[in-house]
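The points below may be read alongside the sequence and the model.

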Amino acid sequence: MATTMICRSCGHAGLESVLDLGRTALADRLLTAEQLGEPEPQYPLVVVFCPQCSLLQILETVPPEVLFCENYPYYSSFSDALLRHSRDNALDLIARRELGPGSLAVELASNDGYLLKNYVEVGIPVLGIDPAEGPARAAATIGVPTLNTFFTAELAQQLAGEGRRADVIHANNVLAHVADTNGFVSGIATLLKDSGVAVIEVPYVKDLIEHREFDTIYHEHLCYFSATALDRLFRGHGLFLNEVKRLPIHGGSLRLYVEKVERVGDSVKGLLKLEVDDRVDRIDFYRDFARQVQQLRTDLRALLGALRAQGKRIAAYGAAAKGATLINYVGIGPEQIDFVVDRNVHKQGKYMPGQHIPILGPEKLLEAQPEYVLLLAWNFAAEIMDQQAEYAQRGGRFIIPVPEPKVV
Ligand SMILES: [Zn+2]
């Protein structure tokens with residue numbers, strides 16, 4: 001593991017401390033029964049702010065080969081909400097950019113092809129790029145050609161050299177994962193046609209801080225972006241943030257439309273102004289965050305402790321990385337939570353990192369009917385509560401942990 005002392009975006013050396021989450025297991029490293037007896041690697045997790053370019057980031061970089069390649073358990077197609085969100089995004093671009101059989105749509109971190117398949121269906125050539133083996137194989141089987149590798153500046157040059165430049169580049173929830181932030185953005189500039197658009201989604205740091213979404217901070221997420229930080233990053237590579245949309249997905253995200261020509265729209269001007277007004281570009285905005293997160297930990301521990309003292313049984317929903325961050329930071333183990341359920345069959349039968357709680361299929365909720373379910377995947381709360389209507393009808397209750405623990 002490497003620890004950076006300078007800003008990942010602008011190279012500034014005077015990074016200011018925001019939050020220390022302690023040493024923690026890797027949030028996506030689910031364990032098999034055999035691995036429970038082996039030592040589990042743990043790494044520090046420290047959040048800092050760059051006063052020069054206003055980027056919030058973590059100091060630690062775990063090698064990407066450790067994080068994303070072998071047995072990476074995330075398959076996009078397991079969420080209905082995400083599939084709808086992606087389809088709407090693709091159809092909107094196909095119409096607005098008048099894409100056709102002569103166009104090329106590329107997705108960086110294309111996972112199992114969940115987004116590009118919408119282009120394939122209407123005859124638009126696509127190329128997926130993803131280092132995770134299982135999802136890349138799954139994409140190929142549904143007709144989404146996928147390079148099973150990391151996207152880098154070098155790969156972009158190679159593709160451009162072969163005449164494969166893109167009309168649309170999608171990069172959803174990947175920019176924050178990349179250790180070489182500048183190399184990745186320069187690769188986008190190389191791969192994009194002069195008339196093309198890069199459509200990039202990132203979790204929005206303003207929502208993260210205001211809604212206390214500390215559990216979205218883990219070793220995969222190296223950066224936490226504001227529009228201000230992104231605007232500065234893109235301009236360094238001849239790219240311009242021209243349009244932006246705020247989206248509710250993943251607890252609050254930005255969808256950025258980035259082009260090689262500068263035509264900054266009102267949506268971007270408005271958001272940059274809001275960030276100045278709310279001081280998102282200053283350390284003040286982040287000062288209270290650590291105290292609020294500690295308070296959340298105290299409150300959630302007290303709630304779960306009180307329920308257990310009354311003899312209530314508690315399960316959890318969502319073996320996602322954010323769930324691992326939450327249970328590890330708050331200190332929720334098998335004494336509080338009997339089991340975690342998840343729809344992803346690749347996760348079932350494994351154990352949560354750090355706390356070693358077993359992961360089972362969602363049908364287990366109705367079988368065991370615990371009195372409470374802690375929603376670790378609170379970003380999909382509406383979808384999950386909808387799916388679990390019968391559990392609720394039988395008297396089951398849900399606990400939503402952020403921005404403050406509440407029972408619904
Ligand atoms: Zn910086």
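1. A charge is said to sit over a ring if NZ of Lys or CZ of Arg is within 6 Å of the ring centre and within 35 degrees of the ring normal. In this predicted model, Lys 322 has its charged end over the ring of Trp 378, at 5.0 Å from the centre of that ring. Arg 96 likewise lies over the face of Tyr 257, and here the distance to the ring centre is 5.1 Å.

2. The zinc ion deserves attention next. Which residues are the protein donors of the zinc ion? They are Cys 7, Cys 10, Cys 50 and Cys 53, each through its SG atom, lying 2.3 Å from the ion. Along the chain, these donors follow the spacing C-x2-C-x39-C-x2-C. Cys 10 belongs to the loop between strand E1 (2–3) and strand E2 (16–25), and Cys 50 to the loop between strand E3 (42–49) and strand E4 (56–58), so this pair ties together parts that are 40 residues apart in sequence.

3. Cys 50 is buried, with 0% relative accessibility, whereas Cys 10 is partly exposed at 32%.

4. Salt bridges number 27 in a search of the whole structure. One of them joins Glu 259 to Arg 97, with 3.2 Å between the closest N and O atoms. Glu 259 lies in strand E13 (residues 253–259) and Arg 97 in the loop between helix H2 (80–96) and strand E6 (105–108), so the bridge ties together parts that are 162 residues apart in sequence. Glu 259 counts as buried because its relative accessibility is 7%, while Arg 97, at 28%, counts as partly exposed.

5. A further salt bridge links Arg 165 and Asp 194, whose closest N and O atoms are 3.5 Å apart. Why does this pair tie together parts that are 29 residues apart in sequence? The reason is that Arg 165 lies in the loop between helix H5 (153–161) and strand E9 (166–172), whereas Asp 194 lies in strand E10 (residues 192–203). Arg 165 is partly exposed, at 30% relative accessible area, and Asp 194 is exposed, at 56%.

6. Five aromatic pairs are present in the structure. Phe 285 and Tyr 286 make up an edge-to-face pair, with ring centres 5.1 Å apart and planes at 85° to each other. Are these two residues, Phe 285 and Tyr 286, buried or exposed? Both are buried. Together with Phe 49 they form one aromatic cluster.

7. Two buried positions may be noted. Thr 216, in the loop between helix H7 (205–210) and strand E11 (223–224), has a relative accessible area of 8% and is buried. A polar atom of the Thr 216 side chain lies 2.8 Å from the backbone oxygen of Glu 213. Leu 256, which is part of strand E13, is buried at 0% relative accessible area.

8. Most residues other than glycine have a negative phi, and most peptide bonds are trans. Arg 279, although not a glycine, has a positive phi of about 65°; it is found in the loop between helix H9 (266–277) and helix H10 (284–287) and is partly exposed at 40% relative accessibility. His 356 is not a glycine either, and its phi is positive at about 60°. His 356 is placed in the loop between strand E15 (340–341) and strand E16 (359–360), and is partly exposed with a relative accessible area of 26%. The peptide bond from Val 402 to Pro 403 is cis, with omega near 0°; Pro 403 lies in the loop between strand E18 (397–400) and strand E19 (406–407).

How values were computed:
Residues are numbered from 1 along each chain as its sequence is written. This is a predicted model: local features need pLDDT of at least 70, side-chain atom pairs count only at pLDDT 80 or more; totals for chains, interfaces and linings use all residues. Side-chain values use heavy atoms; hydrogens and water are left out. A salt bridge is a side-chain nitrogen of Lys or Arg within 4 Å of a carboxyl oxygen of Asp or Glu. Helices (H or I, at least four residues) and strands (E, at least two) are DSSP runs, numbered from the N terminus. Buried means under 20% relative accessible area, exposed over 50%, partly exposed in between (1.4 Å probe, protein chains only). Donors are N, O and S atoms within 2.8 Å of the metal (3.2 Å for Na, K and Ca); water is not among the atoms, so sites may look incomplete. Rings of Phe, Tyr and Trp (its six-membered ring) pair if their centres lie within 6.5 Å; planes under 30 degrees apart count as stacked, over 60 as edge-to-face and the rest as tilted. A polar contact is a pair of N or O atoms within 3.5 Å; within protein, one must be able to donate a hydrogen and the other to accept it, and residues adjacent in sequence count only if both atoms are side-chain atoms.
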